[in-house]
Every structure is written in structure tokens, then in C-alpha cells.
Amino acid sequence: MRFYLASLFVFPPGFRLRLFAICFVATNLPLLAYVGWGAATGRLALAGFLLLLLATAIGMAVALFGIGAMLAPLPVAQAAPAPLSGTGDDVIGTLLGSVNRAASAAEARMRELDLAAKEDLLTGVRNRRGFVADIGDFLPAERRGTIALIDLDRFKALNDRFGHDEGDRVLRDFAARLSSELRRGDLVARWGGEEFAVLFRGATEDEAARVLARVNQRLIDTPLIMLDGQALTCSAGICGFGGEALDDVLGCADKALFEAKQAGRNRIVRASGGVQPVLPRA
């Protein structure tokens with residue numbers, strides 16, 4: 001390490017130039033020794049000098065070529081999009097192995113961070129960012145579908161009465177129950193607080209409304225929790241789309257959800273007009 005640091009000051013700044021300077025000095029030592037001996041003794045022969053000079057030049061060229069070839073994997077590894085394989089057990093192989101391990105670890109960590117940034121830690125479903133990221137690219141190209149925004153009714157009262165731990169348990173159970181009612185291609189996310197968002201791919205508003213009515217009926221038949229003798233229910237606003245911008249569809253669904261809450265909760269409002277009848281309470 002000390003020699004490497006010293007070479008930064010003694011030899012030219014470029015790494016290959018430093019190698020050239022070192023090789024030049026090292027390979028020309030015999031020639032310099034011969035010239036010094038010849039000058040001291042008066043026995044310097046021109047033919048011998050030229051022969052030694054040629055041999056030195058050839059040796060230096062071979063050394064530089066060999067060193068350049070040995071260092072060739074380094075820029076390849078630096079530019080490679082994926083870890084390299086087939087490295088040896090020498091210094092360069094060890095270095096490349098370390099680079100490969102670091103690259104693999106960094107790639108795995110980036111995947112973990114990307115997943116964590118898009119996943120709601122409490123419920124295990126997508127969060128708002130992940131939902132928008134997943135559907136933002138393909139939504140304009142979808143021929144049809146429906147987005148629903150869902151809000152758990154009287155959730156604040158639940159937290160106030162039973163505490164946030166019980167509220168978190170209800171959120172987790174609701175997310176699992178909602179996910180179980182969806183198809184493989186649909187997408188569910190925790191939109192924020194007690195709100196959830198669902199993408200029903202290829203579904204009409206009526207089809208989405210039937211699914212959410214089934215979810216609400218299950219909440220009544222098998223309550224997640226009881227409040228004042230009544231099962232916890234949810235309200236939803238749904239909006240169909242067919243190539244519109246994502247913000248427009250989400251705004252449409254949010255307006256429908258607001259209407260559902262204003263109309264007395266436990267309702268499903270379709271943006272196209274029409275309110276799912278209030279389900280019977282347990």
C-alpha cells in the first residue's frame with residue numbers, strides 16, 4: 001500500500017503510465033548496469049550494447065503487454081451489468097470475486113428497498129406509491145377496468161374504544177379478506193389510514209360492485225369486530241375507466257366514496273350513477 005501511494009507522487013498520475021514507468025526502470029536496469037560497467041572499464045562494445053538494448057526493449061514490450069492483459073478484467077468488471085463468472089484464485093480473481101459479491105449484495109438490497117418502498121408494512125399489500133407505480137404505466141392502454149376506493153366505516157371510533165393495536169389487527173384482517181375476494185390480475189393497496197384501493201382489471205363498475213358487496217356481506221356474516229352491537233362495515237366509491245388518466249380515475253372514485261360516506265356509510269356508490277342498496281346490518 002505504501003508503494004502504491006508513493007507511486008502517486010513519483011510516477012505519472014495515470015495507473016497504466018505508472019506501470020509503464022515501473023516496467024521501464026526495472027527492465028532497463030541491466031542495460032544501465034552494463035553501460036556503467038563498460039564506461040568504468042572501457043570495455044563497452046557497441047554490438048553488445050545494441051543487442052542488450054534490443055533485448056531490453058522486447059522484454060519491456062512483453063511485460064507491458066502481459067500486465068495490460070492481466071488488468072483487462074478490471075474495466076470489464078466495472079462496465080459489466082451482471083457479475084462475472086469464471087474468476088481464478090489469484091489477486092485479480094479475488095478482487096473480481098469481491099466485486100461480484102458486492103454487486104450481488106447491492107442488487108439484492110436494491111430489490112428489498114424497492115419492495116419495501118412499495119409495500120405497506122402493516123398489512124403486507126401495496127401502499128399508495130406501489131399502487132400508483134404498478135398501474136401508472138399500463139392504465140392508459142387498458143381497454144376497460146374499474147378502480148375502487150374503500151373506507152372502513154367508524155374506524156376512528158374503533159381506535160378510540162379498543163386502541164390502535166386492535167385497529168391495526170382489523171386493518172390486517174380486512175386487507176387479507178379483501179385480497180381473498182380478488183382475482184389474480186387485480187391489485188389491492190392500502191391507500192392510507194383506513195382507506196384501501198383496488199384495481200379490478202377488465203371489470204365493469206357493476207362487476208366490481210358485486211365483489212365489494214360480497215366483501216361487505218362477509219364483514220356482516222363474520223365480523224372482524226363489533227361496535228355497539230353492529231359489525232364493522234365499509235363504504236366504497238368505484239369508477240370505471242377506458243384509457244383515461246390515472247389522476248382523473250382516482251378523483252372520480254374518491255368523489256364516489258365521499259358520496260357513499262355522506263349517504264350514511266355501508267354503501268357502494270358507482271360513479272356512473274347508482275348506489276348499491278345498503279346491506280342489512282347484523
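Predicted model: local features only at pLDDT ≥ 70, side-chain atom pairs only at ≥ 80, totals over all residues.
Reader: Which residues of H8 and H9 meet, and how many of the residues in the contact are nonpolar, polar or charged?

Author: With contact taken as heavy atoms within 4.5 Å, Phe174, Arg177, Leu178 and Ser180 in H8 meet Leu212, Val215, Arg218 and Leu219 in H9. By class, five residues of this contact are nonpolar, one is polar and two are charged, where Ala, Val, Leu, Ile, Met, Phe, Trp, Tyr, Cys and Pro count as nonpolar, Asp, Glu, Lys and Arg as charged, and the others, Gly among them, as polar.

Reader: Why is Asp151 called buried?

Author: Buried means under 20% relative accessible area, exposed over 50%, and partly exposed in between, with a 1.4 Å probe and protein chains only; Asp151 has 6% relative accessibility and therefore counts as buried. Asp151 lies in strand E1 (residues 145–152), and, not counting residues up to four places away in sequence, Asp151 touches Glu194, Glu195, Cys234, Ser235, Leu257 and Lys261.

Reader: What share of the protein counts as buried?

Author: Of the 282 residues of the protein, 35% count as buried.

Reader: What limits apply to the model and its numbering?

Author: Local features need pLDDT of at least 70, side-chain atom pairs count only at pLDDT 80 or more, and totals for chains, interfaces and linings use all residues. Residues are numbered from 1 along each chain as its sequence is written, and side-chain values use heavy atoms, with hydrogens and water left out.

Notes. Helix = DSSP H or I, 4+ residues; strand = E, 2+ residues; numbered from the N terminus.
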